[in-house]
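Here is a short tour to read alongside the coordinates. Keep the viewer open as you go.

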Amino acid sequence: MQSMFTLIPSSVTNQLAIAEIVDCNEKTSHYGLILSQADALELVITRSEALSNYGRIEFNGGIISKLILSFSNSPFLTKHNYVATLNDLIETFYYFKNETLDEISDDELISLIKKYFDQRCQGSVELLQNREFEVLARNVRYGISDYEDIYKATEESFDEEGFDE
Amino acid sequence: MNKLEKQQSIIKRQNLNESDYFQSILQESYRLNLLSVTEYETIQVQSLQLLAKQVQRYTGGESSSVKVETAQSIMQSILYVIGSYLKTFPEAELGLAALKQKPLLELYQHGKKLITVQLASAKQLLIDIQTDGFITDNQAYNDTIQNAIPPFFTDYDVNFAAHDTPASIDYPLCNDKMDLIGIEYISNYLETLCLENKFLDLFPMPAISRLLQGFNDHHKDLLINIFGLVLTNALGCVLLGKTITLLNIEPKEREYLQQKLLNLSHTELNNRLHTTLRQLCIDLELSDRSLKNHMIGIIPDLSVRLKNALENNRLESIFISFKEYPLQSVLFEEGNKMDDELFRSIANEIKECRYVSDKIAIIQKEIHSISDFIDILGSYCIFDDEFTDIFQSLGDMELALLLKMIPSGNTIDSDIHFTESEKEWHNRLNTFFSELRLPRQKRIRKLVGNIVFILDRTS
């Protein structure tokens with residue numbers, strides 16, 4: 001069984017992913033954000049490690065470029081912290097895919113990460129991971145319908161103990 | 001293809017795993033050099049592509065990644081579906097040829113169609129079994145047929161979990177093929193059960209009922225295969241040359257069998273059982289080949305058990321005697337149970353009563369069947385010493401009936417089938433009984449021994 005998953009040589013898929021990431025430079029260079037081949041490789045490795053650490057498997061790829069394009073206009077990204085933040089964001093993305101029990105789609109999760117990163121967290125991935133998204137993931141797991149409203153939910157959820165609203 | 005034809009039946013079916021057919025066919029072919037590394041890899045790549053497609057369907061295209069366990073389960077489902085199609089080929093080599101020549105997607109689609117057909121016929125089989133007229137009070141049988149298998153047809157997911165068997169089946173079959181999974185298991189289970197019931201229908205229901213009673217007083221709650229017990233005794237009847245449908249084997253007849261069979265070697269015993277089975281089929285005018293094959297399946301196990309029983313002079317564990325009705329037997333037929341709604345309202349009324357005398361009055365007025373009475377006792381509406389007052393209001397016959405229906409004193413607390421409330425009234429009844437005056441205890445005990453429950457055929 002396991003052999004079925006490890007069949008496609010990772011070098012081939014990595015090359016494709018790196019090319020896809022570097023292609024994003026065309027759109028992000030407008031904001032002064034550019035990734036080299038080495039940066040792209042680093043991101044791809046981060047993704048593989050995150051997938052393996054969180055027990056996930058990816059088929060179509062494209063998450064890294066989606067993150068890059070979505071975050072390119074963030075006021076908190078500069079060329080100095082660009083690669084490091086992207087690495088953190090990739091890891092955060094897969095962590096919360098698990099924590100939200102796959103209930104949130106890729107696009108929605110990326111837009112939520114972007115929203116909190118730009119607004120409440122003021123560009124801090126640490127705050128995003130440990131404050132905002134812990135509550136959000138908890139809301140999703142407990143089936144709270146307006147899970148995005150984490151501030152209201154934090155106050156009420158302890159009384160509700162996770163019952164559907 | 002020519003090479004394949006020459007090497008036909010090199011792949012032995014017994015070397016292939018029934019629940020993992022697709023992968024075992026690949027591994028076996030690879031081992032026998034019928035499949036090159038390139039061909040093996042091509043098939044693997046195709047299965048991965050199929051997996052990617054199915055995962056996309058699973059997530060509705062909204063997520064590019066899934067948990068490894070989810071992917072593994074979907075992959076297993078894909079391999080199962082293709083495996084069930086490959087099983088339709090008479091030779092494993094033909095299946096291998098199909099794997100090499102046709103795209104995996106095509107085989108997968110054929111497999112899915114096949115499973116849809118299997119599902120429909122299994123559904124029909126279940127309806128046939130539910131209406132085939134075989135009635136038993138064995139709880140595992142009734143639960144399996146009425147409650148466990150029907151949800152399978154709504155829960156079974158051919159797209160993403162075709163290898164799962166979402167049904168909790170208790171009733172054991174004779175020679176159940178436990179290596180099958182998914183719809184294949186359910187189909188096989190229902191087909192076999194249908195055959196077993198067909199056989200049982202050849203015997204009078206009261207004879208089967210008495211045979212089970214002879215086997216064990218608590219046969220209703222046991223996980224036993226009725227077909228196996230009936231067939232064994234029927235074989236015993238053939239060996240004795242008596243009417244098969246009687247099913248009963250008297251202790252003296254067992255002694256005769258003991259003498260007749262004791263000196264046979266294992267092979268001779270096996271051969272004797274085969275001959276007896278053939279005779280049984282002739283006597284019962286059985287022509288169904290699958291039923292005959294199923295009956296033959298009992299012999300290997302039976303001959304071992306029989307040999308063992310003969311050596312230890314314990315033939316009563318194989319050939320069962322009916323329990324004799326006591327001379328002054330009391331035949332008891334259950335009255336009609338009230339409907340659930342009415343029962344609930346009466347139970348609530350009893351619960352709300354302040355005085356036990358009121359509770360007794362309601363019970364005497366409203367409850368007309370022993371089952372309802374027992375349900376009331378175990379419905380958390382009678383408490384503590386009230387049980388004693390209620391038992392005091394009962395006559396000898398009612399107490400005897402209650403005592404007959406509860407398990408013996410030592411096993412009450414350890415029996416997981418009863419609720420706490422039921423255990424409480426069982427214990428209280430036993431205490432109440434032990435405190436009665438000895439002559440009354442004797443009278444009631446005699447009645448308990450004489451009561452014979454008659455199976456309600458309409459239930």
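## Ground rules

This is a predicted model, in which local features need pLDDT of at least 70 and side-chain atom pairs count only at pLDDT 80 or more, while totals for chains, interfaces and linings use all residues. Residues are numbered from 1 along each chain as its sequence is written, chains are lettered from A and ligands numbered from 1 in the order in which they are written, and side-chain values use heavy atoms, leaving out hydrogens and water.

## Where the chains meet

Contact here means heavy atoms within 4.5 Å. By that rule, 22 residues of chain A touch 23 residues of chain B. The size of an interface is often given as the accessible area lost when the parts come together. Between chain A and chain B the buried area is about 2000 Å², with carbon and sulfur atoms giving 61% of that area; the value is the accessible area (1.4 Å probe) that two parts lose on being put together, summed over both.

Nine residue pairs, both at pLDDT 80 or more, are in polar contact between chain A and chain B. A polar contact is a pair of N or O atoms within 3.5 Å; within protein, one must be able to donate a hydrogen and the other to accept it, and residues adjacent in sequence count only if both atoms are side-chain atoms. On chain A, helix H1 (2-5), strand E1 (56-58) and helix H6 (82-99) each supply at least two residues of the side touching chain B. H1(A) gives the largest share, four residues.

## Strands across the interface

Helices (H or I, at least four residues) and strands (E, at least two) are DSSP runs, numbered from the N terminus. E1(A) and strand E1 (residues 65-67) of chain B run antiparallel, joined by three bridges; strands pair if DSSP finds at least two bridges between them. Within this pairing, Glu58(A) has Ser65(B) as its bridge partner.

Chain B contains 22 helices and three strands. Its C-alpha atoms fill a box of roughly 90 × 65 × 35 Å along the principal axes.

Asp288(B) sits in the loop between helix H13 (266-283) and helix H14 (289-296) of chain B. The side chain of Asp288(B) reaches the backbone nitrogen of Ser290(B) at 3.0 Å. Not counting residues up to four places away in sequence, Asp288(B) touches Leu195(B) and Lys198(B).
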